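Open the model in your viewer and keep the sequence panel beside it. The stops below run from the whole chain down to single residues.

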Amino acid sequence: MPAPARDDVRPSLLAGSWYPGTPEALRQSVDDFLARAEYVATPDELVALIAPHAGYAYSGQTAAYAYRQLQGRAYDTVVLLGPSHRDHFGAIATSNKKYYATPLGEVELDAAFIRALAERVPLQRVNQDHEHSLEIQLPFLHRALGSFKVVPLMLGLPFYIVGESARTHCQQLATALADLARHSRVLFVASSDLSHLDDYAAVQKFDARTEALVAAFDVDGLIRYFWQEGECRACGDAAIVTVLLAARDLGADRVRILQRTNSGDVTGERARADYVVGYMAVGVYKQRRQDE
């Protein structure tokens with residue numbers, strides 16, 4: 001008989017569908033993606049990543065370009081931010097469980113970091129969620145980092161729905177995250193896809209503008225673009241903005257676009273009636289001082 005479910009574990013919701021369901025197949029899939037991604041050597045400190053969150057068949061290779069940059073780096077805590085696609089928990093929520101499970105094993109939540117964060121921002125603790133954007137990142141982090149704790153944050157007030165007012169929540173959260181990470185080995189990861197449209201050319205056009213603003217580290221311009229155009233430019237727009245603000249607060253001063261593509265490029269289906277989703281992998285860096 002299978003072992004009974006544990007109350008302190010958030011079980012995998014994606015194994016066998018969004019990504020392979022057995023440890024061996026999942027490990028091989030992630031390792032193959034990472035092996036095909038380019039590593040960009042730099043002495044700069046990697047502060048944050050942006051990675052997509054579709055099923056691995058669609059965005060796994062793009063995500064690998066982000067996680068490939070973790071080669072030779074170590075972090076104690078990964079703060080993982082993504083949108084809340086299905087559940088409505090308010091501005092910021094996290095799991096009330098002690099572990100996240102995937103076929104590769106369990107990842108412990110950083111309880112001390114979460115408690116400290118809850119003292120600074122309103123943070124809803126939830127016993128159950130259906131969010132895929134956070135879990136989908138964990139197998140890559142498993143294989144790229146090995147040992148780490150996670151702070152999973154689901155953001156429920158995106159710019160494309162609530163407008164410019166989302167900036168207040170992003171700034172408050174970014175300030176708190178930067179303060180807590182300032183003297184620790186913490187990596188920020190924003191989980192987000194880009195445009196979701198039935199027009200390949202439109203996705204290419206809109207995502208090119210998103211890429212340019214991110215590459216320029218133009219957070220103000222990015223916020224205006226996210227909320228003033230009347231389209232969902234990125235489902236995790238609040239996660240992207242929060243991570244860029246927190247990274248900048250910690251001294252990050254440069255962004256490297258590692259790859260941008262979309263589901264039409266992956267499948268070859270680019271006809272106007274096809275549903276197309278954009279993907280982008282990004283590294284956010286801080287110049288390392290000579291005395292470090």
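Buried means under 20% relative accessible area, exposed means over 50%, and partly exposed is in between, with a 1.4 Å probe and protein chains only. Start with Asp7, in the segment before β1 (9-10). Asp7 is exposed, with a relative accessible area of 69%. Asp7 and Lys98 are 91 residues apart along the chain, yet their C-alpha atoms are separated by 8.8 Å.

A note on what you are viewing. This is a predicted model, where local features need pLDDT of at least 70, side-chain atom pairs count only at pLDDT 80 or more, and totals for chains, interfaces and linings use all residues. Residues are numbered from 1 along each chain as its sequence is written, and side-chain values use heavy atoms, with hydrogens and water left out.

**The whole chain**

Zoom out and colour by secondary structure. The protein chain has 11 helices and 12 strands. Helices here are DSSP runs of H or I with at least four residues, strands are runs of E with at least two, and both are numbered from the N terminus. The radius of gyration is 18 Å, close to the 19 Å that the globule rule gives for 292 residues, so the chain is as compact as a globular protein of that length. That radius is taken over C-alpha atoms, and the rule is 2.2 Å times the number of residues to the power 0.38. Along its principal axes, the C-alpha trace spans about 50 × 45 × 40 Å.

Switch to a surface. The protein chain exposes about 12,600 Å², and carbon and sulfur atoms supply 47% of it. Accessible areas come from the Shrake-Rupley method with a 1.4 Å probe; for residues, only the protein chains shown count as cover. Of the 292 residues, 55% count as buried.

Next, think about contacts, meaning heavy atoms within 4.5 Å. Among contacts with a separation of 6 or more, residues 24 or more positions apart account for 84%.

**Helix α2**

Select residues 56-67, which form helix α2. This helix has 12 residues, but its end C-alpha atoms are only 14 Å apart, short of the 16 Å that a straight helix would reach at 1.5 Å a residue. The expected span is 1.5 Å times one less than the number of residues. In α2, 9 of the 12 residues are buried, so the helix is largely enclosed by the rest of the structure. Among the buried ones are Tyr56, Tyr65 and Tyr67. Show the surroundings too: the buried residues of α2 pack against α1 (23-36), β2 (45-51), α5 (138-145), β9 (186-191), β11 (254-262) and β12 (276-286).

Stay in helix α2 and pick Ala64. Is Ala64 buried or exposed? At 0% relative accessibility, Ala64 counts as buried. Ala64 touches Phe33, Leu34, Ala37 and Phe140, not counting residues up to four places away in sequence. For scale, draw a line to Gln171: the two C-alpha atoms, 107 residues apart along the chain, are separated by 28 Å.

Step across to Arg36, in helix α1. Leaving aside neighbours within four places in sequence, Arg36 is in contact with Gln61 and Tyr65. Then find Leu13, 23 residues from Arg36 along the chain, with 27 Å between the C-alpha atoms.

**The loop at Gly156**

Go to Gly156, in the loop between β8 (149-155) and α6 (159-162). Gly156 is partly exposed, with a relative accessible area of 30%. Residues up to four places away in sequence aside, Gly156 touches Ser84, Gly90 and Ala91. Arg185 is 29 residues from Gly156 in sequence and 27 Å away in space, C-alpha to C-alpha.

**Phe217 and helix α9**

Last, select Phe217, in the loop between α8 (200-215) and α9 (219-228). Phi of Phe217 is near 55 degrees, a positive value in a residue other than glycine. Phe217 is buried, with a relative accessible area of 13%.

Move on into α9. Its buried residues are Val219, Gly221, Leu222, Ile223, Tyr225 and Phe226. What covers them includes α6, α7 (166-181), α8 and α10 (237-249).
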